[in-house]
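Student: Hi! I have a model open and would like to talk it through with you. Could you take a look?

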Amino acid sequence: MASPSLMDTLFQRTLDDIIKGLRHQQAGESAFISKVVEEIRREIKSTDLHTKSIALQKLTYLNSIYFIDMSWAAFHAIECISSPNFSHKKVGYLAISMSFNESTSVILLITNQLRKDLKSNNEFEVSLALDCLSRIGTADLCRDLTPEVFTLLSSSKVFVRKKAIGVVLRVFGKYPDAVRVCFKRLVECLDGTDPQIVSAVVGVFCELASKDPRSYLPLAPEFYRILVDSRNNWVLIKVLKIFAKLAPLEPRLAKRVVEPICEHMRRTGAKSLMFECIRTVVTSFTDYESAVKLSVAKIRDFLVDDDPNLKYLGLHALSIIAPNHLWAVLENKEVVIKSLSDDDPNVKLESLRLVVAMVSESNVVEICRVLVNYSLKSDPEFCNEILGSILSKCCQNVYEIIVDFDWYVSLLGEMSRIPHCQKGEEIENQLIDIGMRVKDVRPELVRVGRDLLIDPALLGNSFLHRILSAAAWVCGEYVEFSRKPVELVEALLQPRTSLLPPSIRTVYIQSAFKILIFCLHSYLLQRENIADDMASEMLGLKSQGECSGSSALVAGKAPARQEQDEGFNPRDSNKSYEDLSIINEGDVSALLEKGFTHESIVNLLNLIELALGPLSGSPDVEVQERSKNVLGFVDLIKQEISNGFVSERASKIIDMVHDAFTEELGPVSVNAQEKVPIPDGLMLKESLADLDAICGNVQLPSSISFSMGSPFGESVGASVSIPQSKEESEPSSESTSLLAEHRKRHGLYYLPSEKNETLANDYPPANDPKSSDNTNDDAQDLVKLADKSLLPKRRSNHAKPRPVVVKLDEGDVVPFIAKKSDTRDDLLSDAVRDILLGVEKPDLGNPSSRRSKHRSHGKEKSRKSPEKKNSDEIGDGEKEKQKSRHRHGRHKTKQRAEGPLNVAAQTPVIPDFLL
Amino acid sequence: MIHFVLLISRQGKVRLTKWYSPYSQKERNKVIRELSGVILTRGPKLCNFVEWRGYKVVYKRYASLYFCMCIDQDDNELEVLEIIHHYVEILDRYFGSVCELDLIFNFHKAYYILDELLIAGELQESSKKTVARLIAAQDSLVETAKEQASSISNIIAQATK
């Protein structure tokens, strides 16, 4: 396109024209915009800066309101800021601060212009440059302009100085080494008399301290002075924030500061300051009774206020204090519960958190009832919020607060039926988890599962599918507690299961299979018993006085249960008997249905065959495979048990499969893997660098020979024999010895080993071969199992003792990996510490010891002046040195990063005069 | 600190955006869409804070405009409400009972005023008078510069170049 003519310049549309034009466009807005952008593209190339700046301004407008891309105009913006004309400059800077970012390629071109403007005599030009730097400063820009910013920090104009202070925040963030140059001067600003300066500087320190409070502890005296003296609420709020961060690090500081804070709380009328005081106390000063009391009183004022903001903040403050001082919440219980039905979703959410915080062992039933009722009435989003918080509260610390698991399981069932419920995943996990952990609740669990499975309406709700999958699994796994296994099979194979996703259908099929095996096995035993006279004697012994009316069919069931229980837990069989007896008392006939006739078994087999037949052609491989397995099995059994005769082979097969299924599954610790000692000869630490070389030449034979190599062969052999070789396997590897060391150090967190030995027989952890009854330290997976009460279960709430909940040793060896903070932050705080603690800097040439220097900083202000001068000198000298320093910058940074431990070890000492 | 400032009209049109934390253009669009969805639908008698993606958004409605500022979790919400009010008062003083149209036609001035109020996401000037004075001084600088540029001699110089 040709360069713009004079006509273009003279008849250029102004910003106003465009805005008016846009407002008059009804429909063709985008067409108009693209036309304007076309114009702008032409105009912006003009050599006349005036035309250019107007074009740029128009583009900026379109970018800010209509998000039109303006990155292509970056260079034109730079041209505008280099204009001597202030209005062009202003337009240019606005465009730059709106559109530039780290990836803008021409950003380095503005360094010189920024430097020039920062040094300008016109304070407004300086301010434009500072604003721009605060917005777009990159590491390079900040590094190059640090000297100028440093100079401006002592500018005589307040207007410039406070902006420079604001910019320091960005500069420190991007270029931590700037701390070495600017920090002293920044600290001096704290002493300033001008409230704007103090306000700005405190704002900067507040931001810095929120990232790494420890580094700023030495400045506490300065902040304390401001806290006591200042009457400016803006400043006080920031200082309070700083103290909220510092106080937990230094108890002496907290003691000193808490009184002035209370003083502010009593004195102030400003709600913002009041709230900040409250928040500071409830977050960081929870040990100071009187302060907490005072703030709780103030929170109460907030709660009863008509202003929804204050109400919300009051609730928020309560939820901060709740973990430490629950009484504060209980005191305001009424308001909190009333807020559950507030119009404002924020208030509702906050009060929900508080209500949940109030839940304890004694009131969990009542509160959950209230909450579930609320959830029925509320909108889907809040409903799920409520359900989610009930679920997460109840499963806290392995269901710590739940005593009556029967109640909880039926609550889970009830929650699944709430129309808006979308918490399928959590309910699924908890149903299975409880099933595995709490033995006593299994009958109820199966009942709840059955109710869910049997309802065809639930299958249509995709949110419930995961719950149904859990229900199916539970019913399959604990089918022995079911009264009507056949009914379960029917439920699992009902036609509407076709609505389920394949992954869940597989669970259904597998569960149906388990139930089938159970039925067949019971049938077999029952036949044996009828044939065997011994069985009836056993019946006489076992069912003495518990179910006199029971027939041989019941007995057929009983040994079945016993046998399977004996497999893993002799003690427990008694317990199951108790359960059984209760059921029997209530409804003998129900149990009778467990008895299987030949006909019922054949019917069952037919049913399964009929339902799974079509699935053997399912496109989903998993469904197909499982249903084929089941069908194959059914086929086999059908042939073998024809004419009411069960062949030896069939009963053997059934026994074997049944044995496999009765293998107990238990919860597995997250750390289980770590507990397996690494076998001899397995080199986990060995560098895999060689692998590259081997894989480099892609020849197949070589890689095969590698995988066949001795280390692998050995390891396989060793890992197979883990249980046996455990005793002799020595803690050869590094990790094992580390673990041992850790245990020695934190011995009290581990259970005494003798106890574990006795418990090991009781309840084997999951995935442990039966042979693991020997005493190995796998038993540490179990936290103590209280003695089981032999009392029969009762429905009443209080009379029932809490059932045993199997726990894993959570929080025991959970490897806590501290989140690594941003390296930039590390660099920044290292630099700050260096400055504050006066670690000698080579370029400073000031070999005064850390301690004395530190003292001079806090204690004797008079002695500051020479230092000040000194730092001024640095400032001047720095400019020259800057360049040479940068060359080494990278190297230095690395060094610092390597030695963060040293720095951290130097705990800053707070001058005693304060404390 | 304040992460961004948004001015949204009741119809969901954006009137001003200022980003103190890095957001790409895509993210900006998403943020605006999300927040205007949340904020514009809130009723009049609810509290002025919205929890959003781990941040808090403080908003206040003045006539047809919503002023929103996004802050960190532990920043003081009431203080930010005051900052918003402060900004509105300054705008009001500057434009003489400000309305949405003023901000539409003088969008750059709204930015300049905001720049005097906040820097790097922190409040830098709490005095209305000072801000007004600074803005006036800069305006007059701009005016003189403009006059110079649009003087006849300048145009002739341009034309004859």
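Student: Which handedness does the crossing of helix 27 of chain A and helix 29 of chain A have?
Tutor: The crossing of those two helices is left-handed, meaning that the near helix is turned anticlockwise from the far one by less than a right angle. Helices here (H or I, at least four residues) and strands (E, at least two) are DSSP runs, numbered from the N terminus. Keep in mind that this is a predicted model: local features need pLDDT of at least 70, side-chain atom pairs count only at pLDDT 80 or more, and totals for chains, interfaces and linings use all residues. Residues are numbered from 1 along each chain as its sequence is written, chains are lettered from A and ligands numbered from 1 in the order in which they are written, and side-chain values use heavy atoms, leaving out hydrogens and water.

Student: And at what angle do helix 27 and helix 29 of chain A pack?
Tutor: About 40 degrees, with the axes of helix 27 (residues 442–454) and helix 29 (residues 485–492) of chain A 9 Å apart. That makes helix 27 of chain A oblique to helix 29 of chain A.

Student: Which residues of helix 27 of chain A meet helix 29 of chain A?
Tutor: A:Arg450, A:Leu453 and A:Ile454 do, and they meet A:Glu487, A:Leu488, A:Ala491 and A:Leu492. Contact means heavy atoms within 4.5 Å.

Student: Switching to chain B, how many helices and strands does it have?
Tutor: Chain B has 6 helices and 7 strands.

Student: How do strand 3 and strand 4 of chain B run?
Tutor: Strand 3 (residues 49–52) and strand 4 (residues 55–62) of chain B run antiparallel, joined by 4 bridges. Two strands pair if DSSP finds at least two bridges between them. B:Phe49 has B:Val58 in strand 4 as its bridge partner. These strands form a hairpin with 2 residues between them, and B:Arg53 in the turn has a positive phi of about 50 degrees.

Student: What about strand 4 and strand 5 of chain B?
Tutor: Strand 5 (residues 65–71) of chain B is antiparallel to strand 4, with 7 bridges. B:Val57 stands opposite B:Cys70. This hairpin has 2 residues between its strands, and B:Ala63 in the turn has a positive phi of about 50 degrees.

Student: Is B:Tyr59 buried or exposed?
Tutor: B:Tyr59, which lies in strand 4 of chain B, is buried, with a relative accessible area of 4%. Buried means under 20%, exposed over 50% and partly exposed in between (1.4 Å probe, protein chains only). Among the residues that B:Tyr59 touches are B:Ile39, B:Phe49, B:Phe67 and B:Leu81.

Note on methods. Axes fitted to C-alpha atoms, helices over the stretch in contact; angles between N-to-C directions. Parallel < 35°, antiparallel > 145°, perpendicular 65-115°, else oblique. Lists of a residue's contacts leave out its neighbours within four places in sequence.
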